[in-house]
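I set out to record helix packing and salt bridges for this entry. The notes below follow the order in which I looked things up.

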Amino acid sequence: MAESIKGLKRTHYCGELRLSDSGKEVTLFGWCQKQRDLGNLIFIDLRDRTGIVQLSFNDTTDREVFEKAQSVRAEFVVAAVGTVCERESKNKELPTGDIEINVKEFRIIAKSETPPFEIANSEKVGDETTLKYRYLNLRNQKLTQNIIMRHKIAKIAREYFYDNDFIEIETPMMIKSTPEGARDYVVPSRVHNGKFYALPQSPQIYKQLCMVAGFDRYIQLARCFRDEDLRADRQPEFTQIDLEMSFVDTDDIMEMAEGFITKLMKETVGVDIPMPLPRMTFAQAMEKYGTDKPDTRFEMLINDITEWADKTDFGVFKNAIADGGSVRAIVAENAASVYTRKKIDKLTEHARGIGAKGLAYIRWADEEPNCSFAKFLKENQLQELIAQLGAKKGDCIFIVSDKTPLALSILGAIRLIIAKELDIIPDDKWNYLWITEMPFFEYDEESGEWLAMHHPFTMPMEECIEYLDTDKGRVRAKAFDLVLNGTELSSGSMRITDCALQNKMFELLGMSQEEIDAKFGFLVEAYHYASPPHGGMGIGLDRLAMIICKADSLRDVTAFPKVQNASELMSGAPSTIDEVQLDELGICIAKAEE
């Protein structure tokens with residue numbers, strides 16, 4: 001029969017106790033991780049959110065207490081009162097491994113059925129099971145610490161921005177549906193039958209209106225929702241550390257964010273990040289790394305070998321150049337022993353899967369380098385390329401020729417694959433980086449149109465405004481991204497505050513005046529009453545936690561995550577609702593024919 005905790009008050013958490021606490025009488029609560037019955041000795045590993053401590057029961061223990069300890073199984077909730085003692089056989093793998101609790105009073109608070117998996121080793125169990133029993137999986141020490149770290153990041157964010165005179169303002173969760181790049185999650189209205197709210201993809205418009213209202217510095221740990229396909233670093237609902245500032249320019253916003261990063265890294269992982277953070281233009285990032293979120297913890301930069309390639313007789317290279325493209329290469333140092341011909345074929349398949357027509361290579365494993373296109377080279381051309389790239393015996397060179405943006409992005413992806421295969425990415429580096437001078441538009445090859453890269457409230461650089469109608473490729477935005485170890489943490493920008501320019505941006509996005517008025521009329525109207533210059537950014541709290549915890553997925557830092565099809569296995573969401581609710585909302589579900 002379960003016992004009460006009446007009369008007991010917790011004095012310590014399990015993971016807090018150390019050798020310096022020897023002799024103290026303590027009262028602990030927690031879950032039994034493991035019970036070891038050695039006959040005249042019983043040990044119980046007691047676990048709470050802070051860690052594990054060993055309880056000991058021996059031949060001097062009261063027999064009733066000893067018998068209770070004998071009956072305990074994994075995941076029972078128990079209370080223990082006892083004295084902190086030095087352990088005879090210490091466990092150096094546990095922070096509490098120098099001590100144990102000699103128990104004098106013991107209560108079984110709640111009994112557990114045998115769990116569907118062992119909590120301590122839940123990472124070895126499939127997601128389908130662990131996510132179904134997420135409340136059990138969260139007892140795993142690693143996951144527990146991840147959630148606590150996420151809490152700590154949120155706490156540090158609030159403290160920092162409060163100390164810098166930011167005001168926390170909650171913005172609505174049910175808003176008007178406006179185009180922001182992804183699909184909205186929508187909420188039907190019972191009162192306004194046939195009309196819908198949208199869940200916010202971000203608080204963008206509202207935080208700008210806070211600037212118009214004069215709040216000057218806004219902060220919110222904002223919940224955001226986007227109906228898009230999931231992956232390891234994306235969930236349908238997420239949290240961003242959302243900020244907006246008035247009477248500033250981009251440097252002011254970036255410097256404010258740098259102060260937060262300094263405090264965050266010092267207080268979470270004990271690392272001093274050199275300030276100011278390095279900056280790289282979008283063009284530089286694409287040219288050298290093939291991505292606008294480069295991982296700068298390792299080299300293997302992309303090289304432009306177009307001039308050399310144009311002198312060869314290799315038609316693949318020459319055709320790409322003739323079509324206005326280029327030829328790019330990376331040198332993978334000491335890769336020849338790992339990248340056999342079979343492995344290169346597999347890498348080539350991957351390259352084709354992301355748009356490449358093929359992957360040329362030079363593998364220098366033996367005395368002479370093996371070149372996949374050697375028969376198209378003139379005398380000494382191979383040696384010229386090797387010298388130009390600084391390659392040496394043991395290296396591999398991988399080459400892509402195509403339209404320049406595609407060639408760069410393909411090599412950028414291959415660069416990451418190779419780095420992981422070769423295990424050359426340092427685990428102990430925290431390479432933050434600002435990406436600046438973002439293009440305002442990107443050209444879509446399929447439609448033949450220029451599309452906006454940012455939300456429609458982003459300010460173009462003043463010197464680029466004259467090109468909005470005539471040369472969209474030259475227009476750069478007053479926008480910036482914050483990247484950490486190859487993961488984009490944040491996008492930020494200065495905002496448009498001029499009514500005429502804002503209206504023009506909507507028109508450039510293909511919106512009619514009627515559509516502009518219907519969807520954004522309230523924002524444009526607000527600017528008629530004078531707005532301060534302002535800008536801001538949103539830092540992804542989930543992604544930040546994922547990287548700081550060195551987790552593989554956002555699931556590992558989210559208490560109750562969704563799976564790839566956006567369902568939650570534990571509760572069964574999303575689910576059907578009954579006909580009464582549907583009738584109240586004026587909704588009829590169209591059933592698919594079998």
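I counted as a salt bridge a side-chain nitrogen of Lys or Arg within 4 Å of a carboxyl oxygen of Asp or Glu. The model is predicted.

Entry 1, salt bridges. I find 41 salt bridges in the structure. E267 counts as partly exposed because its relative accessibility is 34%.

I then examined E333 and K392, which form a salt bridge at 3.9 Å, N to O. This pair links distant parts of the chain, 59 residues apart: E333 is in the loop between β13 and α10, and K392 is in the loop between α11 and β16. E333 is exposed at 52% relative accessible area, whereas K392 is partly exposed at 38%.

I looked up α13 (residues 499-508) against α14 (residues 513-526): the angle is about 140° and the axes are 11 Å apart. The two helices are therefore oblique to each other. On the α13 side, the contact is made by C499, Q502, N503, F506 and E507; on the α14 side, by Q513, I516, F520 and V524. By class, I list five nonpolar, three polar and one charged residues in this contact.

Notes. Residues numbered from 1 in each chain as written. Predicted model: local features only at pLDDT ≥ 70, side-chain atom pairs only at ≥ 80, totals over all residues. Heavy atoms only, no water. Axes fitted to C-alpha atoms, helices over the stretch in contact; angles between N-to-C directions. Helix = DSSP H or I, 4+ residues; strand = E, 2+ residues; numbered from the N terminus. Parallel < 35°, antiparallel > 145°, perpendicular 65-115°, else oblique. Contact = heavy atoms within 4.5 Å. Nonpolar A, V, L, I, M, F, W, Y, C, P; charged D, E, K, R; others polar. Buried < 20%, exposed > 50% of the residue type's maximum accessible area, 1.4 Å probe, protein only.
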